[in-house]
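Please look over the model below alongside these notes.

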Amino acid sequence: MAIGYLNGKIINSDDPVLPIDERGHQFGDGVYEYIRVYGGRPFMMKEHLDRFFKSAEAIKLNLDHSREDIEEITADLIKRSGLSDCDIYMQATRGIAPRNHLFPNVPASISMTVKPFRAMDETLRENGASIKLLPDERWQNCWIKTLNLLPNLLAKQEAFEAGAFEAVLVRDGVVTEGSSSNLFLVKEGELITPPATKHILHGITRMAVIDIAAELGIPVKEETFAPEAVLKADEVFLTSTGIEIVPVTTADDQKIGSGKPGDITKKIYEAFMKRV
Ligand code: PDD
């Protein structure tokens with residue numbers, strides 16, 4: 001049984017538990033978090049919960065659950081699952097009510113699942129991944145982790161169909177982020193990543209990498225850059241909870257740097273793995 005939680009109950013998440021009139025799937029009217037559990041412990045849980053509550057507040061969603069409630073439920077789910085290396089997905093929506101664009105006067109819904117970690121193809125980490133630069137067609141508030149991921153999905157699928165691992169998005173001439181990751185460049189020994197404006201998700205892995213760089217004495221610039229800077233970088237890498245740190249060696253079919261994963265990327269990845 002796949003273990004989950006829905007509004008106060010432990011559930012089998014394979015069961016059809018959601019009514020049709022649930023605003024998450026009718027409107028994408030909700031927010032979510034995706035957290036990795038290493039050795040039975042959720043990584044950077046505090047930061048994920050900070051973001052979860054900020055996202056909820058940003059869409060005017062009042063959660064009945066406190067941080068402590070969520071921490072307790074996730075710990076219980078992990079224990080029940082018997083898994084030590086797994087993923088937590090949590091989602092809060094504006095609840096269950098007949099379809100109407102106006103906010104209903106019903107309690108928010110909250111659901112969580114714990115699943116075995118879906119490992120990425122590790123050859124990507126060894127050989128480097130490819131990216132495709134595509135227009136960022138999302139709304140203005142990409143810092144809110146909402147369920148509305150259609151532009152992200154379309155970009156990811158387009159990149160995949162072109163043989164690339166990730167779509168890297170460009171808005172008004174500057175690179176923002178990947179369809180489900182943040183992006184870093186290495187240039188002359190420094191890290192460069194787009195600033196945490198409202199046009200990117202303020203990634204937790206991004207935050208960890210900035211902290212690790214400080215620890216390793218690698219300077220970090222949070223600056224905007226044009227797509228050409230990606231092609232001219234010495235090294236490029238992507239970060240997210242699911243993929244951790246993945247070197248990028250090709251962008252739009254052009255080789256980046258030596259065409260192999262770079263030393264600074266490897267150093268940061270090693271330091272990251274020590275943390276988790
Ligand atoms: N996505 N940018 C976007 C648009 C993302 O969707 C994600 C993560 C990130 C990286 O954030 P973090 O380091 O906090 O995981 C950046 C998750 C993994 C998802 O949608 O499943």
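How do the residues of the lining of the largest pocket divide into nonpolar, polar and charged?

1. They divide into 18 nonpolar, 16 polar and 10 charged. Ala, Val, Leu, Ile, Met, Phe, Trp, Tyr, Cys and Pro count as nonpolar, Asp, Glu, Lys and Arg as charged, and the others, Gly among them, as polar.

2. This is a predicted model, in which local features need pLDDT of at least 70, side-chain atom pairs count only at pLDDT 80 or more, and totals for chains, interfaces and linings use all residues. Residues are numbered from 1 along each chain as its sequence is written, and side-chain values use heavy atoms, with hydrogens and water left out.

3. The largest pocket has a volume of about 1,200 Å³. Of its 44 lining residues, Tyr32, Tyr34, Lys145, Leu149 and Ser180 are the closest to its centre. A pocket is an open set of points on a 1 Å grid over the protein atoms alone, where a 1.4 Å probe fits, with protein on both sides within 12 Å along at least five of seven lines; lining residues have an atom within 4 Å of a point.

4. Helix H5 supplies the largest share of that lining, 5 residues. Domain 1 (3–116) and domain 2 (123–275) each contribute at least three residues; the bounds come from an automatic or database domain assignment.

5. Helix H6 (residues 204–216) is among the elements giving two or more residues to the lining of the largest pocket. Helices are DSSP runs (H or I, at least four residues) and strands likewise (E, at least two), numbered from the N terminus. Just after H6, Gly217 takes a positive phi of about 75°.

Key: Grid points are joined across faces, edges and corners, and a volume is the space filled by probe spheres set on the points.
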